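Dear colleague,

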Amino acid sequence: MSEPIEAYLWATPNSNRVSILLEELGLAYRVRGVNIRKREQFAPEILALNPYGKIPIVTIGEGSSRRVLFESGAILIHFAETYRRFLPATGPARAETLAWLMVVLTGLGPMMGQAHHWTELAPEKPEAAIKHTVGLVDRVARVLDGRLATHRHLAGDYSIADIAAFPWIARPHWGLIELERFPNLKRWHDELAERPAVRRGMDQPEGVRLG
Ligand SMILES: N[C@@H](CCC(=O)N[C@@H](CS)C(=O)NCC(=O)O)C(=O)O
């Protein structure tokens with residue numbers, strides 16, 4: 001029997017990366033909701049799993065053999081390698097997939113997170129911060145759109161690079177992205193949104209909506 005998997009998530013883009021991949025792999029997992037708006041990520045039991053106090057976190061196994069994974073990129077790579085799916089095993093194709101994964105992990109996600117903070121969450125709305133962060137989101141969206149003009153997916157076949165990007169692009173308003181301005185990104189988004197595993201993954205934790 002396979003080891004139990006627990007996924008500590010909330011209805012956030014980085015969490016949905018993990019739930020999409022677990023759904024794509026057909027793995028059984030139990031969702032543990034961590035409400036970041038209630039600052040539950042700083043509870044001692046969460047900090048004991050990830051000292052950074054961020055989700056997603058995944059545990060595999062039980063008792064003394066339990067392993068803990070955090071950082072969405074590390075979690076995606078771990079499962080992709082374990083099940084040999086959504087990431088080429090070796091060579092240039094693997095490097096290319098990892099390169100686009102890194103663009104998404106370091107460019108798209110953090111910039112959209114900051115843009116969302118300044119345009120929506122922060123009580124004050126400093127013009128310079130909004131202009132700066134929305135400009136950086138626009139830059140990476142243009143790069144992804146350009147790439148997808150000549151490629152069906154970000155790198156080779158559907159991969160963890162696409163899975164990492166999708167939950168952010170599915171919330172375009174967080175970075176003031178108008179998908180109509182990025183027709184290739186929109187085509188890619190609409191295609192992935194039809195995948196049953198993507199739909200199920202985007203629905204986790206069930207019944208929770210962050211906006
Ligand atoms: N680099 C981390 C970022 C994780 C992250 O920022 N998660 C957000 C939710 S999407 C979070 O936990 N926010 C609460 C906080 O930062 O305290 C990853 O990719 O897993």
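In this predicted model, an oxygen atom of the ligand lies 2.7 Å from an N or O atom in the side chain of K54, a polar contact being a pair of N or O atoms within 3.5 Å. A nitrogen atom of the ligand is 2.7 Å from a side-chain N or O atom of E71, and a ligand nitrogen is also placed 2.7 Å from a polar backbone atom of I55. Of the 510 Å² of accessible area that the ligand has on its own, the protein covers 76% (Shrake-Rupley method, 1.4 Å probe).

The residues around the ligand, each with a heavy atom within 4 Å of it, are T12, N14, R17, I36, Q41, F42, G53, K54, I55, P56, E71 and S72. By class, this shell comprises four nonpolar, five polar and three charged residues, with Gly counted as polar.

As for the fold, the protein chain contains eight helices and four strands (DSSP runs of H or I with at least four residues, and of E with at least two), which from the N terminus follow the order β-α-β-α-β-β-α-α-α-α-α-α. The radius of gyration, taken over C-alpha atoms, is 17 Å, close to the 17 Å that the globule rule (2.2 Å times the number of residues to the power 0.38) gives for 211 residues, so the chain is as compact as a globular protein of that length.

Residues are numbered from 1 along each chain as its sequence is written, and side-chain values use heavy atoms, leaving out hydrogens and water. Because the model is predicted, local features need pLDDT of at least 70 and side-chain atom pairs count only at pLDDT 80 or more, whereas totals for chains, interfaces and linings use all residues.

Best regards

Conventions: Polar contact = N/O pair within 3.5 Å; in protein donor to acceptor, adjacent residues only side chain to side chain.
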